[in-house]
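Dear colleague,

I am passing this structure on to you, together with some notes on what turned up in it. Please have it open beside you while you read.

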Amino acid sequence: MKLSNKRFKAGFAIASAVGLVLTMSGVLSPADAAGTYKIGVSNSWAGNAWREEMVCAIKAEATLSGKVAKVTVLSRNTDSAGQSADVRSLITQGVNAIIINSGDTSANNPAIAEAVAAGIKVIAVDNSITAPNTTLVSNDQVAYGAVGATALAKAMNYKGNILYMRGASGAGADTDRDTGFRSVIAKYPNLHVTKEVFTGWDWTKGGQLANQLLAPGKFQGVWTSGIDYPVVQAMQTRLKGKYIPVVGADNNKFVGMTASLASKGFVGIIVPNPAIVGGAALKVAVDELDGKTVAAKNLLHPVALTYAHDKTLIDSLYFAAQDANFSSTISLPGYTTFNAAQLFRCRAPQDDPETTS
Amino acid sequence: MNLIKIKRQSWNIGIVIIALGLGTWQINRLPVFGSYEVRTILLGILPIALLSMGQAIIIIGGGINLAIGAEAVLINCLAARFMANKSFGVAIVLTLALLFVSVCVGALTGLIISRSKIADIIVTLATSFILIGFAMYIQPSPGGGMNLTLAHLISGKGSAFLPPLIVLILPLLIIWIPLYRSRMGIAMFAIGSNKDAAFLSGVNVDLTRIKLYATGGLFAGISGIVLTAITLSGSPFASISNTATLNSVAGAVLGGVALSGGVGGLTGPALAALILYFIPTILLNYGIDPAYSQIITGALTIVVVLAGGLIRNRGKKK
């Protein structure tokens, strides 16, 4: 009697295993390769609009380059051990280059060192890493912190209290922006960072923090690490329609608010942090694989935009049809070649081989 | 192996077959498969396999530890903070000291549960917050390091896959098998099956529980040390500990441990980690949204628990 139960148990396990494998292999057919280079992408944060746009820029630029056969994207929410496993998984798949947006400046270094040793070109995008023999393609995050702080100091008349809303503790971009920000603020004795918080680059959390912290007269300016428009929204309720200057990024809604609320006295300071830096990383990866000499650091140089000075440019950055947190810079001259439609299609070379030529 | 032994191992055989199926699928996709690839898989499963084993011991004894991920994160942060730039000898001593700390943290958790009579799930939920708080105090932002010789001894180097394999199997051999065969092992299954009956039969329920939580803590400690060896740094994030804790429960359940207690072993959870590793890896490589791999892992867990429950209930009636 008991024996039959156990047999059933074992039989069930076998059947479910076979069933699982059959179903999945039936649904998924391997993609055809049509090109030369295989590019791997490791992204530590899925479900974030900025990161998704970055991945789309990599795919779109790879398709247009005509030199890439396949882009393998390992994009998921994971810790360093998980991302290291993803990097190793890309190595085992024989990719020629790995573009990595690392969740940690150093924790993936052992896996990255193994990739470099295997002759794979490693390009860090957006977040810098400390691993040697790798290439960085990123916004100049130190300058990002500095130019925003400079514009904010000016907008605040060089005095008052700042609400300092950082990104995620430990991320390379956050550390670099902090360096830039503090180097500027230290120059002005009458400017004080009276509250420092981490939003984790989470829109909801940023909005909640702004709603808790903002009070009339408490702060004279806000610096955000890109979680910008929820802060402006919080001001509308918490400060009863009065606005204090806010430093934000090129997020679609923030761009729109900077333009539309300018007449009501709102000073929005836009420091672009283009998500399509992914496209630039792809170009650098292809250049390296082509044997061209590439600088170890390829930095985009952000400039602070205000509606008083850059009205036309800011108006051109607003896309009414796009989401609130769409990163509205859609072209990086010298790096990217896609147009808006190609970026939005988000197709890798293996997705539609007929268009790669 | 005779028929009775095969019967006893049927769950493990089932898990091995699923893992082999998924493994073959993954390996077929790779251009080459050698020792480096084996090491890649081992490093992918090691932290979660160890946590699942620790969780399994506690669940078999009728409890559950929602702080097991936090214990691992705490040890990870302690290790990264204090082992950076230390000699090999000092690192070894520190490793042993940290494993002792993890045993103490586990024992303390067990003691609180036994003395307070508050449900395991509540106490460990609370201790998970406390432990993460300590981790953030010790290592406010990611960083630190570990002696490279020790890191290579644990996680291997290049294509040396034996070190992580040893780290995976050794705890099974030197902790689980002696435990399983000892009086404490019998007490563990007894209190997991029926605490009152075990007490009436002369089992010291409280002491057994404390020992089980201590052993679970030891596994969490090993997992934390392994995390440090893999990443050469410590990350004090609650999100890591939460994910790790939930995966450890999934690993234990997939590995044939009944949440009602008193049933299961540690080989299953160790093997189940393979499944938890292969599903997302394979799906991600096909460009499928990571959310789907979570759905599939979740669905598989439910199916396994349902099937296991049905089989066990049938067994009880007869």
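To begin with chain B, the side chains of Asp206(B) and Lys117(B) meet in a salt bridge, with 3.8 Å from N to O; the term salt bridge is used here for a side-chain nitrogen of Lys or Arg within 4 Å of a carboxyl oxygen of Asp or Glu. Asp206(B) lies in helix 11 of chain B and Lys117(B) in the loop between helix 5 and helix 6 (120-138), so the pair ties together parts that are 89 residues apart in sequence. Helices (H or I, at least four residues) and strands (E, at least two) are DSSP runs, numbered from the N terminus.

Please bear in mind that this is a predicted model, in which local features need pLDDT of at least 70 and side-chain atom pairs count only at pLDDT 80 or more, while totals for chains, interfaces and linings use all residues. Residues are numbered from 1 along each chain as its sequence is written, chains are lettered from A and ligands numbered from 1 in the order in which they are written, and side-chain values use heavy atoms, with hydrogens and water left out.

Asp206(B) also forms a salt bridge with Arg115(B), where the closest N and O atoms are 3.6 Å apart. Arg115(B) lies in helix 5 (residues 88-116) and Asp206(B) in helix 11 (residues 205-231) of chain B, so this pair ties together parts that are 91 residues apart in sequence. Asp206(B) is partly exposed, at a relative accessible area of 21%, whereas Lys117(B) is exposed at 63% and Arg115(B) is exposed at 61%; buried means under 20% relative accessible area, exposed over 50%, and partly exposed in between (1.4 Å probe, protein chains only).

In chain A, Lys67(A) forms a salt bridge with Asp290(A), the closest N and O atoms lying 2.6 Å apart. This pair links distant parts of the chain, 223 residues apart, with Lys67(A) in the loop between helix 2 (49-65) and strand 2 (68-75), and Asp290(A) in the loop between helix 10 (277-289) and strand 11 (297-300). Lys67(A) is partly exposed at 34% relative accessibility, and Asp290(A) is partly exposed at 31%.

Also in chain A, a network of salt bridges links Arg166(A), Asp174(A), Asp178(A), Arg182(A) and Glu196(A). Over all chains, a search of the whole structure finds 14 salt bridges.
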